[in-house]
Amino acid sequence: MAGYKPVAIQAFPVLGEKITQDTLYWNNYKPPYNYAVTASSRIHIYGRYSQEPVKTFSRFKDTAYCATFRQDGRLLVAGSEDGGVQLFDISGRAPLRQFEGHTKAVHTVDFTADKYHVVSGADDYTVKLWDIPNAKEILTFKEHSDYVRCGCASKLNPDLFVTGSYDHTVKMFDTRTNKSVISVEHGQPVESVLLFPSGGLLVSAGGRYVKVWDMLKGGQLLVSLKNHHKTVTCLCLSSSGQRLLSGSLDRKVKVYSTTSYKVVHSFDYAASILSLALAHEDETIVVGMTNGILSVKHRKSEAKKDSLPRRRRPAYRTFIKGKNYMKQRDDILINRPSKKHLELYDRDLKNFRISKALDRVLEPSCTIKTPEITVSIIKELNRRGVLANALAGRDEKEISRVLNFLIRNLSQPRFASVLINAAEIVIDIYQPVIGQSPVVDKKFLLLQGLVEKEIDYQRELLETLGMMDMLFATMTRKESTSMLQHASDGFLENKKIDS
């Protein structure tokens with residue numbers, strides 16, 4: 001009797017997936033720490049790995065909307081819904097300064113480059129400049145005609161700062177002229193603005209667009225990016241300045257190259273994104289979402305080299321000893337067959353335990369990390385004609401595993417050809433018992449909808465392929481006809497010359 005041949009695990013390459021340096025760099029983060037955050041009149045400061053806040057500022061009359069640290073990390077300025085702007089020392093709890101002047105909610109605050117002034121923008125359409133030592137208002141700008149929702153100060157020039165408003169404009173102000181010196185039209189309500197460290201480039205976000213402006217040329221538009229499906233809410237720059245990050249309500253964070261402005265990486269999150277920040281050297285990425293979760297991802301530390309002395313192993317000559325020995329005439333050569341170790345699912349298939357083999361590859365450790373193995377076993381059972389027997393007779397927990405796997409992977413093109421057939425078998429077997437379990441019924445209806453949708457997609461693809469074949473055939477026929485015409489014309493011309 002011939003020996004058992006193990007199941008060949010088929011490779012299912014992910015279409016369009018490319019491993020680049022950016023992919024390796026931005027995927028090198030640990031699983032996130034998630035903090036539950038609610039809108040309140042407090043500002044919490046968390047340590048790097050602490051689950052509880054290490055500092056809390058609670059001297060606000062209403063909800064705190066924004067906060068920014070000074071460059072040296074010693075002072076914190078924050079704006080609240082009642083229009084107040086407060087300055088805190090990180091070592092204390094009571095505010096050092098209180099700036100009163102805005103009549104509506106303050107949504108943006110920032111320190112100027114000289115560290116002695118604060119810029120704030122509010123829903124009362126005004127932008128104000130405050131003096132920290134005297135706690136007084138220096139200037140007020142009233143050029144915006146709608147809410148001022150974002151802003152940032154230049155890190156090089158203490159007299160320049162930028163604000164963005166819901167009136168679709170981004171304005172750069174100069175405190176020496178008491179008015180805006182550059183104004184650009186974004187075309188959508190502006191949600192976030194960002195100045196490059198050099199001050200020569202400005203990035204604005206609003207609607208689905210991220211736009212880059214050249215401030216040295218008076219606000220000339222360099223590039224307009226439209227890679228998000230919903231409103232872009234926040235912007236951030238990497239520590240090197242070579243990558244630009246944008247967060248959106250479509251639950252994605254896009255990473256752009258600042259040389260080509262193409263997307264080089266993308267993060268997916270569980271809810272719409274409202275805020276985004278990177279720590280020094282990109283060690284930590286922090287994202288705030290609409291579901292009240294603050295997601296914090298830390299970069300993986302490099303593995304430390306083992307300083308313990310290694311155990312001395314046999315020399316190389318030990319392993320090759322006798323390799324070149326030539327068989328003599330009186331020697332008897334004995335070949336020892338190598339023992340093959342079978343996987344657990346192969347052992348079950350060898351002993352015809354088909355349901356047990358399918359259960360093994362439906363474990364979460366297999367379906368999440370290596371779905372290719374699960375699909376290969378399903379394909380092998382279908383080839384043997386026993387897939388229906390392996391899927392039948394399952395209880396609520398077991399059929400839920402099957403349905404979860406099919407729902408998660410049915411829409412992937414690399415698995416569709418195998419899983420559609422398996423899904424149809426599941427539907428045929430368990431259709432008569434629908435209505436006995438609410439959990440299974442919900443997943444069953446979802447699977448039916450996915451199968452119908454996937455079949456419609458494939459039908460449309462086949463129709464498109466047929467139309468393309470007709471076009472290619474027509475083009476080939478025209479080329480062959482023109483070649484024959486050209487050859488016949490040449491033949492007649494040669495015949496006339498001969499005559």
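A word on the model before we start: it is predicted, with local features needing pLDDT of at least 70 and side-chain atom pairs counting only at pLDDT 80 or more, while totals for chains, interfaces and linings use all residues. Residues are numbered from 1 along each chain as its sequence is written, and side-chain values use heavy atoms, with hydrogens and water left out.

Let's begin with the domains. The domain assignment, which is an automatic or database one, gives domain 1 as 31–298 and domain 2 as 344–455. Their centres, taken over C-alpha atoms, are 48 Å apart.

Now for the helices. Helices (H or I, at least four residues) and strands (E, at least two) are DSSP runs, numbered from the N terminus. Two packed helices are described by the angle between their axes and the distance between the axes. Here, the axes of H4 (residues 354–361) and H6 (residues 371–384) come within 9 Å and cross at roughly 160°. Those axes are lines fitted to C-alpha atoms, for helices over the stretch in contact, and the angles run from 0 to 180 degrees between N-to-C directions. So H4 is roughly antiparallel to H6; angles under 35 degrees count as roughly parallel, over 145 as roughly antiparallel, 65 to 115 as roughly perpendicular and the rest as oblique.

Which residues of H4 and H6 make the contact? From H4 there are Ile354, Leu358 and Val361, and from H6 there are Ile373, Thr374, Ile377, Ile378 and Leu381. Contact here means heavy atoms within 4.5 Å. The residues divide into 7 nonpolar, 1 polar and no charged. In this scheme Ala, Val, Leu, Ile, Met, Phe, Trp, Tyr, Cys and Pro are nonpolar, Asp, Glu, Lys and Arg are charged, and the others, Gly among them, are polar.

On to the loops. Most residues other than glycine have a negative phi. Arginine 251, in the loop between strands E21 (243–248) and E22 (252–257), has a positive phi of about 70°. Phenylalanine 352, in the loop between H3 and H4, also has a positive phi, of about 65°.

Are these two buried or exposed? Arginine 251 is partly exposed at 44% relative accessible area, and phenylalanine 352 is exposed at 70%. Buried means under 20%, exposed over 50%, and partly exposed in between, with a 1.4 Å probe and protein chains only.

Last stop: aspartate 330, in the loop between H2 (316–319) and H3 (344–350). Aspartate 330 counts as exposed, at 66% relative accessibility. From glutamate 143 it is 187 residues away in sequence and 105 Å away in space, C-alpha to C-alpha.
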